[in-house]
Amino acid sequence: MSRVFNFSPGPSALPEAVLAQARDELLDWHSTGMSVMEMSHRSKAYVALAEQAEADLRELMDIPAHYKVLFLQGGASGQFAAIPMNLLRGHRCAVYLDTGLWSEKAIAEARHYADVQVAASSRADHYTTIPDRSRWDIDPQAAYFHYTSNETIGGVQFHGIPEVGDLPRVVDMSSDLLSRPVDVSRFGLIYAGAQKNMGPSGITVVIVREDLIGQALPITPSVLDYRKQADNGSMLNTPPTFNWYLLGLVLQWLKAQGGLSAMAQLNQAKAQKLYAAIEQSGFYNNPVDVGCRSLMNVPFRLPDPALEKPFLESARQAGLVNLEGHRSVGGLRASLYNAMPLAGVEALVTFMGEFARTHG
Ligand code: PMP
């Protein structure tokens, strides 16, 4: 067996220890004589596993008791609809900040249910920055303020929590949840698809302040109704049991690594190494404003797009894969989620140096 360094933006690399444990437990989970995949989600053993995952997430993120934690299906994209359906609470308007292609998608979906006010947009800057706070326009009567903490495609990340008056903050943390500590109490709702830092695709985490739920629009499908899911332990219908199990293993792995502060330190070190290599190369280029560069997704360009194909091919031969940029923007991109070891970034930096020397 040989494993590569996988820089995929998602679904992405999982910790090897987690994959090995899942392999070892696949046919007989905890002496039950069956796979966790074959078990009823209502069984005592499975409910205990599901509750343990929630307890571990609460511990890792220090989630206050008045927040509900939900494990849902439909991805972050499902939440783009569920959020206005659940959180309008009699308001008509919701405010969205537009910092990239994922913000755009959240806005487009919300427009089916709400009057969306776009506080500001960096579209004219090709999504290489966060609009200056002084230029945001926020209706104080709106139901909530939505933003994307890390734009996976553009490589733009918030390094602080924006001030938005009294509006509940709703944040898409799909590509940076669990990569660093976060003060949950400053948010109305945090959501993320699992497939970057948390586990496999197919399971979505929603962390929501309890006083905000219970007033969903009448058209809300029951499986997207936060109150109904909260009252049923996220088991209103059959949950994605195997994905939930894998997510639980990743949470245990994160605890064993020293938790989110340790992850933040490692993620900082990895990203610094790669950005420094890009800056110093005089060959590669990252277009994002220095103050909002992402620690998770590092897009970069070569002096000539014709070099991209040979770059990707040589990288693949060196065991460095999934470095192509998103199909909508092209270029190259390295995603450095929790499961990417420092050694992977070191190997990439060495490769990039060599490629620049031979093609510069
Ligand atoms: N938001 C962000 C920031 C993302 O990166 C993604 C997926 N890459 C999504 C939303 C959509 O997630 P999903 O595919 O789980 O619906």
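**Close-up views of a predicted model**

**View 1. Helix H1 (residues 16–25) and its cover.** Helix H6 (241–256) is among the elements that cover the buried residues of H1, contact being heavy atoms within 4.5 Å. The buried residues of H1 are Val18, Ala22 and Glu25. They lie on the same side of H1 because they cover an arc of only 75° around the axis, taken from the directions from the helix axis to the C-beta atoms. An α-helix has 3.6 residues a turn, so residues three or four places apart point the same way. Arg23 and Asp24 are exposed, on the face turned away from the buried side of H1. Buried means under 20% relative accessible area and exposed over 50% (1.4 Å probe, protein chains only). Helices (H or I, at least four residues) and strands (E, at least two) are DSSP runs, numbered from the N terminus.

The model is predicted: local features need pLDDT of at least 70 and side-chain atom pairs pLDDT 80 or more, whereas totals for chains, interfaces and linings use all residues. Residues are numbered from 1 along each chain as its sequence is written, and side-chain values use heavy atoms, without hydrogens and water.

**View 2. Strands E11 (residues 297–300) and E13.** These strands run antiparallel and are joined by four bridges; pairing requires at least two DSSP bridges. Proline 299 stands opposite arginine 333 of E13. Leu332 and Ala334 point one way from E13, Arg333 and Ser335 the other way, and all are buried.

View 3. Helix H3 (residues 75–87) gives the largest share of the shell, four residues. A polar side-chain atom of serine 77 lies 2.6 Å from an oxygen atom of the ligand.

Terms used:
Polar contact = N/O pair within 3.5 Å; in protein donor to acceptor, adjacent residues only side chain to side chain.
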